[in-house]
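Here's a quick briefing to read with the model open beside you.

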Amino acid sequence: MTTWSGGAVARIAAIGLVGGILQVTTVSQVLVFGVPADLTPLLVASVGLLCGSVAGATFGFFLGLFVDTVLFQTLGVSSLVLLVAGYGAGRVRELRDPGHSLIPVAVGAGAAAVTVIGFSVLQFLLGVDAPVSFLLVRQILLVIILDTLLALPVYAVCRRVLLPYLPDDPRRRRRRAYTTGGLSPLSRA
Amino acid sequence: MYDKQVRRRRAVLVVLVACCIVLLTVYFGESERGTLHATQRGAMEVMAPVQEGANRALKPFRDFFGWFGDTMDAKQERDQLRKDRDKLQQQVVRLELEQNENQQLRGLLSFDRTTNYQPVTSRVYLRSPSTWYSTVQINKGTSDGVRVNQPVINDAGLVGKVKSVSNGNAVVMLLTDQQFGVAAQAVRAGEPGAILPAVGAPGDLLLDLVPRAKRVQPGDRVITAGTVSARLPSPFPRGLLIGTVKRVEGEGELDRTIHVEPAADLRRLDIVQVLTKPTAELTASAAKPRRTGP
């Protein structure tokens with residue numbers, strides 16, 4: 001995203017607010033194989049992938065702050081892991097400009113892994129008062145798998161919301177370049 | 001131009017990371033009455049009506065998705081419940097006899113026991129998705145008599161205790177939260193201990209610090225021990241059911257690990273009660289001096 005119009009910022013903020021409220025009121029209470037899905041890294045990865053690293057990092061910071069405030073958790077922890085995830089997703093877009101349709105799945109899985117593992121590492125660094133079970137590893141893996149399955153629908157929704165403010169996607173740019181000349185084998189002949 | 005973009009990007013990242021670290025450091029270092037905690041409570045108070053409304057509106061969708069999981073677990077749960085029912089029928093007979101005996105003994109001792117905990121019924125409308133923070137939020141607060149550290153129960157047993165409270169809502173720390181702990185007792189063996197959570201295993205609690213751990217067996221019920229010393233009153237009344245011993249690992253006395261399954265289903269909490277007078281059973285009348293003459 002090259003411009004920061006008020007409309008774009010408002011839409012991104014709306015994604016964060018609605019997504020955050022949906023997560024804490026509904027998604028976290030629906031258990032699949034004993035764990036709830038976590039939409040926050042997927043939202044952050046989607047915004048990063050669509051809008052770039054700065055937008056992804058900023059969105060991750062504020063979404064993490066919102067979640068920590070609403071759930072009365074230690075402020076700063078979710079912000080830190082989500083901003084890293086958002087920045088990383090944005091850098092994937094800036095460096096690779098990927099056009100494959102499954103890229104959101106891979107990036108979503110990566111963001112979920114970074115978030116869940118990063119959160120656990122920070123908790124250990126802050127000090128854990130209770131014994132930690134090895135089942136924590138199972139919980140982490142299940143959350144990552146669940147989030148991977150939800151990555152594409154979440155990305156599709158975010159893309160639909162932000163569509164008026166997005167530049168062309170890489171596949172459309174390449175298709176246009178091919179059809180209008182330059183890349184056509186006829187013009188090269 | 002490119003350098004400017006790179007510098008701007010890195011500057012934003014550094015500023016955001018620095019903000020996170022500062023927030024974390026200040027929040028972690030301040031007390032419950034600090035500025036950030038107060039701001040958090042204020043924000044919670046503002047967001048609570050929105051979240052409660054969203055919770056009610058989205059309940060049908062939540063129930064719909066939950067139905068699939070419940071259906072898969074239904075057969076196994078039915079078989080287990082049949083076994084439990086048969087065991088409980090025998091226990092009921094034994095307990096009825098003991099209850100009669102208890103009533104007679106209490107009458108003989110003239111024990112004035114007031115069990116008026118003044119429970120406040122509330123609804124759970126929000127839940128933390130994290131494995132590390134096992135908390136829920138309820139729609140009652142200081143205006144309803146709820147205070148920090150008051151125990152929270154549901155129809156099955158102990159659920160947790162109040163962690164933080166604002167005017168109209170409160171955060172409840174569940175039994176499985178890393179910061180939770182309560183003095184407990186295994187009923188059949190009579191052994192005291194402490195209930196601790198097992199972080200990462202949401203349906204599992206540990207009964208620790210048991211002096212004679214070999215006497216505790218699978219199937220034993222674990223209850224809150226209550227106040228055992230007048231100098232250190234417990235916020236939990238005696239006799240609240242915490243759970244049942246699920247399995248015991250280890251052979252020796254010192255290296256035994258006693259796993260307890262919570263009685264309350266902490267994954268599906270809806271209506272809970274906050275005991276606003278948990279020490280009501282320790283009434284002044286129990287300490288009244290006896291009259292010795294006319």
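To get the expected span of a helix, take 1.5 Å times one less than its number of residues. Keep that in mind for the helix topic below. One caution before you dig in: this is a predicted model.

**A helix in chain B**
- How far apart are the end C-alpha atoms of α1(B)? They are 41 Å apart, which agrees with the 40 Å that its 28 residues should span at 1.5 Å a residue.
- α1 of chain B covers residues 2-29, and its buried residues are Leu16(B), Cys20(B), Leu23(B), Leu24(B) and Tyr27(B).
- As background, an α-helix has 3.6 residues a turn, so residues three or four places apart point the same way.

**Where the chains touch**
- Chain B puts 49 residues into the contact, and chain A puts in 42.
- On chain B's side, the elements giving two or more residues are α1 (2-29), α2 (35-109), β1 (119-127) and β7 (192-197).
- Of the residues on that side, α2(B) supplies the largest share, with 15.
- What's the make-up of chain B's side, in nonpolar, polar and charged residues? It divides into 31 nonpolar, 13 polar and five charged.

**Two barrels in chain B**
- One barrel is closed by six strands of chain B, running in the order β1-β2-β5-β4-β3-β12 with antiparallel pairing. Ignoring direction, neighbouring strands in this sheet are turned by 45° against each other on average.
- Look for Leu196(B), which stands opposite Leu206(B) in β8(B).

**The nonpolar core**
- How many residues make up the largest nonpolar core? It has 111, and those with the most contacts inside it are Val44(A), Val47(A), Val159(B) and Val172(B).
- Helix α3 of chain A (residues 53-70) gives the most to this core: eleven residues.
- Pick out Val47(A) and, leaving aside neighbours within four places in sequence, you'll find contacts with Ile12(A), Ile15(A), Ala55(A), Gly56(A), Phe59(A), Gly86(A) and Cys158(A).

How values were computed: Residues numbered from 1 in each chain as written. Chains lettered and ligands numbered in written order. Predicted model: local features only at pLDDT ≥ 70, side-chain atom pairs only at ≥ 80, totals over all residues. Pairing = 2+ DSSP bridges. Helix = DSSP H or I, 4+ residues; strand = E, 2+ residues; numbered from the N terminus. Axes fitted to C-alpha atoms, helices over the stretch in contact; angles between N-to-C directions. Core = buried A, V, L, I, M, F, W, Y, C linked by C-beta atoms within 7 Å. Buried ≥ 20, exposed ≤ 12 C-beta atoms within 10 Å, placed from the backbone. Contact = placed C-beta atoms within 7 Å. Nonpolar A, V, L, I, M, F, W, Y, C, P; charged D, E, K, R; others polar.
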